[in-house]
Amino acid sequence: MTKLMEIDQLSIEFANASGPIQVVSGISLELEPGQTLGIVGESGSGKSVTSLSVMGLLPRGLARVAEGDIRLHGQSLLDMSESQMQRVRGNQIATIFQEPMTALNPVFKIGRQIRESIRQHSKKSKKEAHKESIILLSEVGISAPEQIMEVYPHQLSGGMRQRVMIAMAMASNPEILIADEPTTALDVTIQAQILDLMRKLQKERGTAIILITHDLGVVAEICDRVCVMYAGQIVEQGDAKSLFKEPKHPYTVGLLNSMPRFSGEMKRLQAISGQVPHPSEYATGCRFASRCPSRMDVCENTEPALYDFNNGHRCKCHLYREDTNVTHS
Ligand code: SF4
């Protein structure tokens, strides 16, 4: 069966005075209709660059897909012309970002901006688009939509602006919503409301969501499947339940240990020491080696393979080699 989206061995390079630098290296993942896929990692892990490449929005002349493919319903997005990609962005894939002010126009009222995004995707009249805007704003939980249509973006709170962005993204009824750190700038209560809203829209409309975040707590809230990225590679992926229950990769374990939990035994939070390396300094062996508490000699110079466990749970780590004294699940 054709997947909704497949990323196949994707590598992305950035131009640099001393030659191209690979920032994303050979990542593969799949997205099913209606699924929520979390891509998690610290900043510098390559997750946002990956989402830009899916949207065909890598900065021209600065970054390019060096290898691999991105397919939507089996059709390569990389073979598409800019006008075809614009249609994909307008109809099949929509995006919301961390800071809605970067996407909203500060000089136009909210109503005009939503109407315009509806009319970009359909042949609706102004009047019809106005009616639909009100429906969309109600669907995203805005209680006085007619009034909100008449205000400017700066008159709204961060949470309200993110709701407006979600309404605009939903105007085309996309098959995929890419949400890049959608709740990072919001306080915890509003964060929970926005996650609830995304869950509700997904259920009602069957939209698949790619959620890009540094926060495993957010992933735990709404994702079916998780990809953990580190230094431009996917180091672990699997269904959310098994990944949280039995994390395999030392980096995933480190991320989980640094995350506050409100149930079970109280434990001191442990930060992962060190930082994600710059792409020009990626090691030839395991890229996590300089920070890994389980590092072995082999890790320094030999890149680990991707090992398969149950239900598509995969991990890129030498701990799971046949000749390593570790029990496979
Ligand atoms: Fe740690 Fe080695 Fe596994 Fe890398 S391959 S995560 S250094 S144990």
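## The largest cavity and its neighbour

By class, the residues that line the largest cavity divide into 9 nonpolar, 3 polar and 2 charged, where Ala, Val, Leu, Ile, Met, Phe, Trp, Tyr, Cys and Pro count as nonpolar, Asp, Glu, Lys and Arg as charged, and the others, Gly among them, as polar. The lining has 14 residues, and those nearest the centre of the cavity are Pro 250, Cys 286, Cys 292, Cys 299 and Cys 317. A cavity here is a set of points, on a 1 Å grid over the protein atoms alone, where a 1.4 Å probe fits but cannot get out, and lining residues have an atom within 4 Å of a point. The space in this largest cavity is about 80 Å³, a volume being the space filled by probe spheres set on the points, with grid points joined across faces, edges and corners.

This is a predicted model, in which local features need pLDDT of at least 70 and side-chain atom pairs count only at pLDDT 80 or more, while totals for chains, interfaces and linings use all residues. Residues are numbered from 1 along each chain as its sequence is written, and side-chain values use heavy atoms, with hydrogens and water left out.

There are 3 cavities of 30 Å³ or more by this rule.

## The largest pocket

The largest pocket has a volume of about 520 Å³, a pocket being an open set of points with protein on both sides within 12 Å along at least five of seven lines. Its lining is made of 21 residues, with Thr 95, Ser 117, Gln 120, Met 165 and Met 168 nearest the centre. By class, that lining has 10 nonpolar, 9 polar and 2 charged residues.

Helix 2, strand 6, helix 3 and helix 6 each supply at least two residues of the pocket lining, and helix 3 gives the most, with 5 residues. Helices (H or I, at least four residues) and strands (E, at least two) are DSSP runs, numbered from the N terminus.

## Nonpolar cores

The largest nonpolar core has 59 residues, and Val 164, Ile 166 and Met 198 have the most contacts inside it. Its largest share, 7 residues, comes from helix 6 (residues 158-170). Such a core is a set of buried Ala, Val, Leu, Ile, Met, Phe, Trp, Tyr and Cys residues joined through side-chain atoms within 4.5 Å, where buried means under 20% relative accessible area, exposed over 50%, and partly exposed in between (1.4 Å probe, protein chains only).

Leaving aside residues up to four places away in sequence, Val 164 touches Leu 104, Ile 110, Ile 114, Leu 137, Ile 142 and Leu 156, contact meaning heavy atoms within 4.5 Å. A second, separate core of 32 residues includes Ile 7, Val 23, Val 24 and Val 54.

In helix 2 (residues 82-91), the residues Met 85, Val 88, Arg 89 and Gly 90 are buried. Their cover includes helix 1, strand 4 (63-72), strand 6 (93-96) and helix 3 (110-121).

Met 55 lies in the loop between helix 1 and strand 4, and this residue is buried, with a relative accessible area of 5%. Beyond residues up to four places away in sequence, Met 55 touches Met 85, Arg 89, Ile 93, Thr 95 and Ile 178. Met 55 and Ile 178 are 123 residues apart in sequence, yet their C-alpha atoms are 8.9 Å apart in space.

## Salt bridges

The count comes to 20 salt bridges, each defined as a side-chain nitrogen of Lys or Arg within 4 Å of a carboxyl oxygen of Asp or Glu. One of them joins Lys 47 and Glu 181 (4.0 Å, N to O). This pair links distant parts of the chain, with Lys 47 in helix 1 (residues 47-54) and Glu 181 in the loop between strand 7 (176-180) and helix 7 (188-205), 134 residues apart. Lys 47 is buried at 5% relative accessible area, and Glu 181 also counts as buried, at 9%.

Another salt bridge pairs Lys 316 with Glu 303 (2.7 Å, N to O). Lys 316 counts as buried at 12% relative accessibility, whereas Glu 303 is partly exposed, with a relative accessible area of 43%. Salt bridges that share partners also join Glu 6, Asp 8, Asp 69 and Arg 71 into one network.
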